[in-house]
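Morning, everyone. I have a short walk through one structure today. Please look at the model first.

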Amino acid sequence: MNHLMARAVLRRLAGGRTSNSYVSSSSSSPFHEMRFGESAPLLRGRGLGFVGGEQWGRTMSTATRRKVGVAEKEREGRAATDEKKKTEEGGGTAVSSYWGISRPKITKEDGTVWPWNCFLPWETYQSNLSIDLRKHHVPKTFLDKVAFRTVKILRVPTDIMFKRRYGCRAMMLETVAAVPGMVGGMLLHLRSLRKFQQSGGWIKALLEEAENERMHLMTMVELVQPKWYERLLVLTVQGVFFNGFFVLYLLSPKLAHRIVGYLEEEAIHSYTEYLRDIDDGKIENVPAPAISIDYWRLPKDATLKDVITVIRADEAHHRDVNHFASDIHYEGKELREAPAPLGYH
């Protein structure tokens, strides 16, 4: 009897009739017409595992929502656990990414977690302090003299404003010094794309210079907190210098590189005076910022004097690179025809 009743119900459903009632297939059947809601307990009680249409839909939707909710909670729990683990391992804020981008765990030689995102261990170096700081390019041609006089004129307002406040002077100097490498590298990059030519490594060399100068600034900001009017001055000088140097590099790369070479010579002079004031006790020889210790691989007990010494050496290397680039242009060649001084620190 159970089988007859089950088949009748299934035929009614398959035949497209109303799902709210069914009638047994036999006229002699003792079963009368009944609603699905009424038949559900009877069928369940007879072990058929079948429920009424409305109750079946509600039961299935509730079960599905319950399973989906449990799955979402499990995913959220795993994500929170992974994020907490990454935060504990990396020592910083973990940002979950749909794209699966994450920084691998990086440690120092002593096993501690690498704390910097702006540079990585293989980008650090020990500055070559044996470089000749006294080298000077004697201006001979007309453009050389223009470059030399331009830099001397630019130094006048700096001397008037900062005098012997070499920390603030260095901070202002680095906001300017980081511009030429970026402009030169960008224009060489665009030229390489236009002419389908290699750059000879000069794009990377100039961008390395810009990045190195920017790290000088990040270090000086740790030592000297600029005032509001100094920040305003930085915005003004950077805007004017970037656009002026951009146009100059388009018109005469050899003049642009020569000006930068002379700017680096002035930077060497300024940092030498900075060191003299430290030695004379006019400026306190405070501990070196942590970022400088890791970037230049300085000893843990390094001081401000050590930092200024390596920065001055960097400026001497930039002096050589830019005078060398200008000499290449003076010979009527393009930079890509001469090997770029990559990794020249």
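I will cover a helix pair, then aromatic rings, then one alanine.

Ground rules first. This is a predicted model: local features need pLDDT of at least 70, side-chain atom pairs count only at pLDDT 80 or more, and totals for chains, interfaces and linings use all residues. Residues are numbered from 1 along each chain as its sequence is written, and side-chain values use heavy atoms, with hydrogens and water left out.

Start with helix H7, residues 228-251, and helix H8, residues 253-279. Helices here are DSSP runs of H or I, at least four residues, numbered from the N terminus. The two pack at an angle of about 135 degrees, axes 5 Å apart. Axes are lines fitted to C-alpha atoms over the stretch in contact, and angles run from 0 to 180 degrees between N-to-C directions. That makes H7 oblique to H8. Oblique is what remains once under 35 degrees is roughly parallel, over 145 roughly antiparallel and 65 to 115 roughly perpendicular.

Who makes the contact, meaning heavy atoms within 4.5 Å? From H7, the residues are Phe 241, Phe 245, Leu 248, Tyr 249 and Leu 251. H8 brings Pro 253, Leu 255, Ala 256, His 257, Ile 259, Val 260 and Leu 263.

Now the rings. There are twelve aromatic pairs. Rings of Phe, Tyr and Trp (its six-membered ring) pair if their centres lie within 6.5 Å; planes under 30 degrees apart are stacked, over 60 edge-to-face, the rest tilted.

Take Trp 228 and Tyr 229. Centres 5.8 Å apart, planes at 90 degrees, so edge-to-face. Trp 228 is exposed at 66% relative accessible area; Tyr 229 is partly exposed at 35%. The cut-offs: buried is under 20%, exposed over 50%, partly exposed in between (1.4 Å probe, protein chains only).

Back to Phe 241 and Phe 245. Their centres are 5.8 Å apart and their planes at 25 degrees, so this pair is stacked. They sit four residues apart in H7, about one helical turn. Phe 241 is buried at 17%, and Phe 245 is buried at 5%.

Last, Ala 205, in helix H6, residues 202-223. Ala 205 is buried, at 8%. Gly 343 is 138 residues away from Ala 205 in sequence, yet 7.5 Å away in space, C-alpha to C-alpha.

Definitions and conventions:
Contact = heavy atoms within 4.5 Å.
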